[in-house]
Amino acid sequence: MDYLSEAHQELTNSQQSDLVVNFDAAAMDLKVAAIGLGLVLGVGASAMAWKGESSDRVYFCLKSPTHEFICEDLSNRPYRMTAWQWQQWGMEGRPKAVVMNRTIIASNPYKPYWAGGAFLSFAVAGWMLRHLQHTEKKLAKFEAIKDKHDIAQAELKAKISLMDNYRELAIKEVELQADLELIAGDRSIDLQKAEILAETEIEVIKLEASDALFEAKTAGMTDEQKEEYINFLRSSQTPYLQGTQTLEQIVNPGDKVEGTNQTAIAAADKYKWMQNTIGYPTLIFGGMGAGKSWTTREIIWHKRKAGWNRIIALDPHGTPVEWQGVELITGYEEISQFMQWYLGEMRDRYKAYRKSGMVEEQWTQHLRDTNQHFCVVAEEFTTWTDNIVEPMPDNCEDEKWKPDPDFVGKWFRCAMTESRKQLMIPLFVAHDRTMEILAKAKGLSRLRDSSLLEIELIPDIDEVTAEAKASGKGAIKLPGHGQWLPIELPPLTHKRIDFRPEGSTAVTPTERPKQPDPFEGVLDNVPTIEMSQMAHAVLAIINAGNQPVSFESIRKSRKWNGTPPKTEIIRGALMELIRLEKIQGDAELGYKILGSS
């Protein structure tokens, strides 16, 4: 045995005896025999100690005044005591009424010795058994390690054998594949030669047939008639037909998209998909006129009814009239300030979460109980990267400040991946789902697929005006899933603008913000709609011009009283009119009133 120190060795030797050393040195059979012998001796001694009496007994009677002898008590038990007790009673003065009846000699005078021998035999046997168990327990650990070692060696040998077999099979597969590729290459070369020759012959035949056909058609024509015929063929040929394409294929192409075998949402729960948008970071996208703005506001209303008391709308061109009951942040500079606060708040919450000692469920419940959960609506998110610049910190000098060009991308990644645990849920509204459109965050499509709940709104094309309009249909994809499921949008009769729990969607004139009107005389002949004054002015200019109206024509219009507004203000009004589905177009093609030809 190895000892930790000399003191350990001395202490161990002081507690061992020759009996322990001899017992450990004995064979297993002798150890078991010794334990069995001790148990047999203990049982025998116990039996000897159990029977007989160990001392003499004196039986006596009591003599009554009527000279009757009473030798038993009320329970019919005889009066008796040991001989020693009888003598001691006589020495102390035993009454004369007590008369000895008989004396019984002890039948087992060595009873205490037998009991002591039984105890000693059991103790020795128990000690040897305990010592043997301790030794066997230590031995069992080594045996288990040995078994594991043998199993590991056997598994390793089996793996080596399997790898050798796989190596041979892989070599044969590579050799066979190489042979097949050589054969296929030879056959491919032969086929290409044959195809080239066949195509050459076909082209030659076509040219000869075309020449013969042209000569037959122009037989008898003069040179001037032939030239007129050639010009006629050139002018009547359809430029849109290519290859084997026919006019019928262009006019009636049919549906090239094959339907997938997807399980649609049950009719009774066809609007239940909106509940998924409450707790997930969500992206809503679709083309112009698909209904993004209306659907976004219905989702916000569902969040409000679900207990999200704080809704923050980041709308670069929003007005308080259209966002009643929510916290509206408008203007790109103000939005950038909020984004910087959002990143700091996210860091502070995760720091507090690490120090709280709570599990995730307890932490999120704490945020709900303290009303710290909120939703951020990123409207017109497509335009953010072109207009938002990282705000300069207060402790930085102007000449040393360099804004981060990926500021919007970092905020987008933070809101997309880290917001759910801290209940700072974003709702992005954009025109497409590509990462070039979304904050120009290239290379993050897999992160987008695994983090965002995506909703695509599919527009219809009006058969008369050929304009896009909401179809009430779309598709939804849950985070981490590649399957798009068809959904139906709830039927809406008006655009929700009031998100107060007790409010209505109607806005009375007294509720509109009172602002000075710098555009007096510009708003004539414009229908009364719920929009900003700038949007009214721009709509009046477009309505008065020849459709479509270019951006420069709007900016230089004489209808502006005095100096025209800044370019960004006009662009914001145009985006508001497009969002309200009053106009359509862009800066390149011009803008026109919806419904105009």
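**Exercise 1.** In strand 9, which residue is the bridge partner of alanine 378?

*Solution.* Some ground rules come first. You're looking at a predicted model, where local features need pLDDT of at least 70 and side-chain atom pairs count only at pLDDT 80 or more, while totals for chains, interfaces and linings use all residues. Residues are numbered from 1 along each chain as its sequence is written, and side-chain values use heavy atoms, with hydrogens and water left out.

Step 1: find the strands, which are DSSP runs of E with at least two residues, numbered from the N terminus (helices are runs of H or I with at least four). Strand 9 covers residues 424–430, and strand 8 covers residues 374–378.

Step 2: check the pairing, which takes at least two DSSP bridges between two strands. Strands 8 and 9 run parallel and are joined by five bridges.

Step 3: read off the partner. For alanine 378, that's phenylalanine 428.

**Exercise 2.** How many bridges join strand 5 to strand 9?

*Solution.* Step 1: locate strand 5, at residues 282–286.

Step 1: count. Four bridges join strand 5 to strand 9, and these strands run parallel too. Threonine 282, for one, has leucine 427 of strand 9 as its bridge partner.

**Exercise 3.** Are the faces of strand 9 covered or uncovered?

*Solution.* Step 1: recall that side chains in a regular strand alternate between the two faces of the sheet.

Step 1: sort the residues. Met424, Pro426, Phe428 and Ala430 are on one side, with Ile425, Leu427 and Val429 on the other.

Step 2: apply the cut-offs for relative accessible area: buried is under 20%, exposed is over 50%, and partly exposed is in between (1.4 Å probe, protein chains only).

**Exercise 4.** Which residue does glutamate 345 meet in a salt bridge?

Step 1: find the partner. Glutamate 345 meets arginine 349, at 2.9 Å from N to O.

Step 2: look at the spacing. The two are about one helical turn apart because they sit four residues from each other in helix 10 (residues 332–356). Both glutamate 345 and arginine 349 are buried.

Notes. Salt bridge = Lys/Arg side-chain N within 4 Å of Asp/Glu carboxyl O.
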